[in-house]
Every structure is written in C-alpha cells, then in structure tokens.
Amino acid sequence: MARKWFVFSDWRLQTKVLLLLIAGLVVLFLSMAYLGYQAVQYSTDRMLEERLSVAEFVANNTDAVVHRRLRQLQAVVAASWQEPEYNESAKPTILPSRVEEVLGGIIVVVDEAGHVVSAGTNGVPLLGASLEAQPDVLDALKDGQPRILTTQGAPFGPGPMVLLVAPLGQVNRTGGLVINAVDPAELVWGGASQSLKLGQTGYAELVDQHGMVLARTEPGRPPDKLEKSDHADRFKMLIREDRPVVRTCHRCHETDTGTARRRDVAAFAPLSGLPWGVVLRQSEDEALQPTRRLQSSLIIFDLLAWPVALIVVWAFTRRVVRPIGQLTEATQRIAAGELDTPMESSRQDEIGRLAKSFEDMRVQLRRSRQQLEQRAEDLEAKTKELSALFEVSSALASTLQMETVLKGTTEALRALFPAADAGAVFLYRPEEHRLVAEASFGFDGAGPEVLTFAPGEGCAGEAFASQQPVLLEGHEPAGPGERTVDEGGDASRLLAEGPGLAVPLAAEDQVLGSLALYSRRGGVFSPSEMQLLRNLANQATLAILNARLFREASLAGAWRELNRLKTEFVARASHQLRTPLTVIKSLAETLLRRDVRLSSRERREFLEGIDRAADRLTRLVADLLAVTRFESGKLELRAGPLPLPAVVERVVAEFRRNTSRDFTVSIAPKLPFVFADPDRVEDVLSNLISNAVKYSPGGGTIVVDLRPADGRSLPPEVGLSGRQGESPAFVVVSVTDGGVGIAAADQFRLFQPFSRIDNPVTRSTAGAGLGLYICKTYLEAMHGAIWVVSEPGRQTTFSFCLPAFRGANASASVKSKPRDKSLPFALPVRVAGRHVLVVDDEPDVLKAVRLSLRAHSFEVSEAASAEQLFAFLKTNHPDLILLDVVLPDGDGFEIAHTLRSDPATFGIPLVFLTAKAGEDDEEKGKQAGGVAYVRKPFAGLDLLEVVERSLISVEAAAPGKDDPAGSPSA
C-alpha cells in the first residue's frame, strides 16, 4: 500500500487533479442517483397515500349517503302515517307510493308475519311474497329497529341489493316493516363516483362483511350473484379490525384472449357505520406510470450529463494546471538563485495574484541578497571588533587585581576606539559623592581635581545618573576635518567642550561608575561604537565586581555561614508558624462559610480554638523575638532581689486553676532571696511546669521543690562549682513529673534551639522546640544554670538554680495576674463612650479594633493614612489615637512629633500599634510622646486594658485633678 501511494505521488499535477475531479463527479452522480431514488420512493409513497385518502373519502361518503337515506325513509313513513285524510286501514296501501316518490327504488310493506302486503310501482311483482327466508328481515320484525341489510338474488332482483328497513311499530303501534330495496351502485357511488380519477384500468368495489361484492364501477364488470372478492378473507379481516390499508396485489383480469393475472394497486377503507368496505383498484403499470417516467428521466439525465461533465472537468483542469506549471518553473529558477528574470502573468484570478506574490518575493529576495552581501561585509568588520573585545574580556576575567583591571580597561579603550583622543574609567565614591577617574589615557598632566565629576555633570556624570548611554556632539565643525577644540587645549576644555561618548558601569542592582571617551573632532562616535562601548562596559563591570569581591574574600566565608544560619532559622520559624496559622485560617473559613450552619456551642468552640491558636502564635512570636535578642546581644534584664517561694506559689496557683492536675509544692525554710529578673524567672518556671503537664499524659502528681544549695551540690556539668564554701550560694528549683522520660542520648539536645525529642507524645503535642533554649539563655544571663535528670518510662526532673542575693533590703516585685478570658470585660463608667481614632493601613486590623472597641461602648473613627489622619483632626478632637508606626505615606514616630508640636493636638494621648519588636522602637515611641506601645499580634482584651489605662492616666493628669498646677504631662 505504501508503494502505491508513492507511485501516486509521482503523477503529474494535471493527472491528479483530473482524477480527483472525476472521483468528485462520481460521488456527485451517485448522490444524485440516490436522491433520485429517494424522490421516486417519495412520489410512490405520496401516490399510495393519496389513493388511500380517496378510498377513505368514498367510504365516509358512502356511509353518510346510506344512513341519510335510511333517515329519509323513516321520516317519509312517519309523515305519511300522520296524514289525516287517510284512515288507518288505507295507510299501508298508499304508503309505498309516497315513499317511492321521495326515494325511488323498490318499496314494499311487510306485515308482522313477513308477507308483502303492499308495494310501490317497482315492487308490484313482490305482492304476496314471503320474506321468511330472509333471517335479517325477521330479526328486524322482532326487535322493531331500523336496519340496513344486504341481500343476494330473489325476491328483490338477480344481483345484490341494499335493503333499508323502517319498522312500522314506531308509528302505528302494531307492527310490520317498510323496505326500500336499492341497487348498491346507485346508492353507494352516487355523486362520489364522478370525482374518482382511477385512469383507464381503475375501478372501485363495495364489499360487505362476508367478502361479497355489492357493487363495482366501470371498467369493471357488474358483480355476479353471490360473487366474492378475490381477497375476501383479507377484506373480512380488515372490516372486522376497522383498518384502512393500501398495497400492491395480484388480480385475475379478463382480457380479449382470456383471463390473465396482473399486479394492481389496491386501497381499502372500511365504513365507520356499516360492516362494509370500499376497494379502489388500478393496474400497477398505470398507477406508477408518473413515478416510472420520473425515474427514466433521471436515468437519461445522468447518462447525458456524465460525458458533458467529463469534458468540462478536463477543460477546467487544463486551464488551472498549466499556469501552475509555469509558476513551478519560475519558482525553481528562484530556488536555483536566478533572481533577475521577471515573472509575468496577465491573469487576475488567484493564480494571477499568486504569480504577483512570487514576483514580489523575487524582487524582495534580490534586494535581501544585496543587503546580506552588505551586512556580510559589516559583519566581518564587527567580527574583528568582537574578536578584539573577546581578547580584552579574557584578559580582564583572568585577573582579580583592581589595578590590573582598570589598566586593562583603559588599554582596551585605546585599542578599540582609535578615533578617541582620550578616555577614562570613572568610579563612584559614595563618601565623596563624586565620580573620580581611577584610570585614564590622553589627559597628560591633568590632576585629580580635573578628572572628577558630580553625578549628572558632563557626559560621564550624566551616564552615571541616568544609567543610559550619552552621546555629546560638542561644537559642529566649520568644514571637513576642522577641529572644534584646539588640539593643544587642556584637559578641562576637552572634558567640557569636546564631543564625548559615555556608558554606565551598571550591574543588576547597582551602578559602579561610567566609561567615557572624548575627541577633539566632531562626528567621530557612531551608534555602533556606542554598542561596542556598552559591551566593553559590561565586561569591565564584571571584572571590577570580581576584583571588589576578591578584596572582601576574607569576609565571604563568614557571610555565607551567617546567611546559612539565617536561612535555617527562617525555615524552622516559618515551619512552626504554619501550624497555628493553619488552625486560625481553617476555623475562620468554616465560620465564614454560609453553607455551614453551626450551633452557638460549636461557634464558641471554634472561636475558642482560634483564640488558643492566636495565643500560641503570640507565644511563638515572642519566643522568636527573644531568640533574636539573645543572638544580637540586646537582651535586657531588670534584676533585683526576688523571693522565689512567692513566684512559685503564684505560678502553681495559675496552673491549678487552668488544669486538672495535682501539684505538690515543697519549700525549704529560710530560703534566701535570689538576684534575678522576676518576669524571666516566672517565664522559666511556667515553661517547665507546662512541659511537665504536656509530656506526662498519664496523669500523676507534679512536684515542685525549692531548696538551698552550694556549688558542691550542683552537677559538675553546669559549670558553677567554683562558688564553693558559700552557704548557701544558690537556690535550686526542681519540677518532677511522672511522664515518659527522656533517653540519655537525647538529653544533650534538649537545650538547643528548634530541638524536639521524637516520640509518640511529642509528635502529638504542639511545640517549636524553643522553650528550653530560652530558659537556658535567661538563666545563664542571670548567672544561673539548668539541667535535667530523667528515668525513661518513669519520671523526669528539670532543675534550675539562681545565685542567692547577698545585699540588704531585699524586696521582690509582684507581677499582676493575667486576665481570665472567660470572664466579661467591664470598662469603668468614666471611660465608656470615649472617642477613639484608629490609624492603620491594614483593613483587617481596622475592622478588628473597631469591632472590639465598639463592643465595649467606645465611639470609633478610622483613618488608613497620615493624610486621612490630619484631615480628620481638622474638624474632630478624639480622646485617644491608636497610631500604626508604619503607614504608606509617613512614619508613625514623625507623625507623633508633628502632633505633639501642634497645640490643638498636643493633649491627645497616643498609643502606638506596631509589628516591630525591637527595644529601640519602644524607646522611640516613648520619646515621641506615646503613652503606650502595643505590639502586634495583640488580643482584644489586652488592647482594651491599654486603652483603659491610657485614658485613665491622662484623665488623672489633667489640670484640676492630680496636677494642681495644670502642667501638661509628658
């Protein structure tokens, strides 16, 4: 098969097109033949449907005529019997003549015994005849109902007759019948036979329920006595089923030479009111003659159209393919490179337009070949330049010494641009805000005060400032070869007046300086030389950057290690932040979904889950910030004498309220104060007790023990054995639980950042692995230590020690207890309803603060920028301003200084809201006049407490209250 297709591909185009068109004609004629066949079939079907419609029309008309005549018979009988001029005995005698006048046919009157007692003119031969042999007549005598009957032969005639029977019992109350015998042909066909168009061989028959032929139209012969139809059984079934049908059938037909069978088209339709049927017959040859004539016409048309179509196809193919062959020869000449011979065509059709396109292509190709030849010459020159540039780039890339790089760059400038009289490499010195020529040529005797520019000055300074190439033409020459600047002019004139070309020495994120060329003649620098200078600048930039990096190579290792640690820290921190953020986002999205219906209890559980996750996130952020302060050396302690028993009792009491665990506190008597920061000590103790609760899921009692110790009683690994002999030198706090314990191989990693022991309990317990590291750092900063003793599967004891305080007047500060979130927050009456202005560019923060404050009876206004803040203060005077430190159009501290310098806003208290966590930022807030500094994220109740304290403190400091002098509080 592949070989046959290959041979077909070798045929001439004219042969292929001719074959394809002939194939199309074959398909077309086959389609036409099929459509002709369908048309013949459709015509035949329509003829049969029409023939059936005519049969149904005749049947309906026959049914109507027979019943109408029966009703007329009944009406004439009733009217004649009611005539008063005749007595009852005379009426049976005159009745037949009256009926005969109206209806015609044979009229007889039958008594109750079935004998003919009276008759019309046509029925005189029947007087005295008995109809006892007619069972249908006897049935009519019995039930006294009108009937339509058929009879064959005597006594009414030699052929079949239709009997219309009207009982006399309905008019004379005695009995008897009036019978109107009618020839079926006269009765049935009547006017309907005039409308039948059945051709030369067509005729109609009326058959009864027994298949007997009652009537037949011409050219059929009259029916014989008791003649059955040739399809009597079929007609009996169709009459019984009341089903019309049309079809072709065979029939014996009388001809001049005898009897012959022929095919007929027969349409049968039953009468609706009588058990008869109408049959329309016509020979198939005559009935289908129009259809067969149409079929013959289609065949003749196809036979005549086929050779005509072949001739047209051949002529069309020849006319189309010949120009294509000419185009093929022309395109072959073009492909061979002969572009000088024009391609002509006088045609205006698609082939003519194609020839015109090929001619345009030939002209364009000839022009392009000429341009390519010119560009080849230019490319050869450019290749020489690039080769020189490559040699320069290789030389610059082979050294990391700055002096060698600068010298090589100036030598490249001199070699690549022979038309330039001078050139220089200018590097930017940030400390001087100047561009200084670090290397140059052509400026003999020029000092550094001359070869220097400020950014934006001269072509070198302009290229540096704009980071774009700059071409200055200088003064136009008066004539060819005339110099615009005297060749002996000094360097300052050359830099100021001579034509110059400069490009920036720019990397992706910084501009190092610029390369500049100067000439004493105009028109020596072209755009192509500008591109060459840019390429050299790119290579020089990389070489200078490499040289600078080489100078800083000694610091590179340290920076890489620092970056690695920073990346590792960020990765671990982000991993820990995802868990609470996932909880918050998941629960919040569920609360916001409209297709989820939650009960009040479920909604509160969701909100409590969000609150717990937010608390965890806040603690994690605080831990991360603490780690940052440790590593940056900015951890500040507020150490002083501290009674540890009070701290222990307070922390344990808080855990007893919030957990169901049992606690045992053992405190040795006469413990000395320790020298420590109370907040940090409370953080350490809370962390240890929290771990004891989390990592002992089986329950049990948690024991907290306080005892004095000297240096000898401490484990040697804590490194505090040097303070021996002092009694006591330390106070030791131990927290013991009955949890899963810690293997000895894992204990050394407990106090490292982001370190967690891998076991089923820790995997099911949330944590960042920072708590013990922070505890260790806090304690070491307070000159203490922490250690662990554990028995796997039984218990774990964490202990820490703090140095005893040796001074006098020992005292301890008491930290306020945290607020219980389950209790309602009640504001003092004197601050409720105050006006608070919230300034923050985050819409979610604005919404959260607004809802929280309005829920507690505050009037809240909002501003999203410094511009909105100052516009609001022109017409309003809030009682307090919550100010974000970082705004899109201003710094919060600078805005605070502006507010404090304005007498109209001086007395409004400021509370700073910020995501910054540095100690320096908090100090800046105090210096700017802020009364409080709230770090994000913050809880709503914590913010309410800050607002409450701020308003109360300002109210207390107002003139006439705590400050009799009325001086403003700083």
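**Notes on the predicted model**

1. C249 touches H231, R262, R263, D264, A266 and R281, leaving out residues up to four places away in sequence; contact here means heavy atoms within 4.5 Å. The residue sits in strand β8 (residues 245-255), where helices (H or I, at least four residues) and strands (E, at least two) are DSSP runs numbered from the N terminus. With a relative accessibility of 11%, C249 counts as buried (buried is under 20% relative accessible area, exposed over 50%, partly exposed in between, with a 1.4 Å probe and protein chains only). As for R262, 13 residues separate it from C249 in sequence, and the C-alpha to C-alpha distance is 8.3 Å.

2. A word on the ground rules: this is a predicted model, so local features need pLDDT of at least 70 and side-chain atom pairs count only at pLDDT 80 or more, while totals for chains, interfaces and linings use all residues. Residues are numbered from 1 along each chain as its sequence is written, and side-chain values use heavy atoms, with hydrogens and water left out.

3. On to helix α7 (residues 232-241), whose buried residues are A232, F235, L238 and I239. Looking down the axis of α7, these buried residues fall within an arc of 130°, so they line one face of the helix (the arc is that of the directions from the helix axis to the C-beta atoms). D233 and R240 are exposed on the other side of α7. Just after the helix, D242 has a positive phi of about 55°.

4. Strand β11 (residues 422-429) is mostly covered, with six of its eight residues buried. Its pairing with strand β16 (residues 511-518) is antiparallel, over six bridges (two strands pair if DSSP finds at least two bridges between them). L427 has G513 as its bridge partner in β16.

5. β11 also runs antiparallel to strand β12 (residues 434-441), joined by seven bridges. There, Y428 is bridged to L435 of β12. The β11-β12 hairpin has four residues between the strands, and H433 takes a positive phi near 55°.

6. A cavity is a set of points on a 1 Å grid over the protein atoms alone where a 1.4 Å probe fits but cannot get out, and lining residues have an atom within 4 Å of a point. The largest cavity holds about 30 Å³ of space. Its lining is A330, R333, I334, E338, T341, M343 and R362. Helix α9 (residues 289-335) gives the largest share of that lining, three residues.

Terms used. On a 1 Å grid over the protein atoms alone, a cavity is a set of points where a 1.4 Å probe fits but cannot get out, and a pocket is an open set with protein on both sides within 12 Å along at least five of seven lines; lining residues have an atom within 4 Å of a point. Grid points are joined across faces, edges and corners, and a volume is the space filled by probe spheres set on the points.
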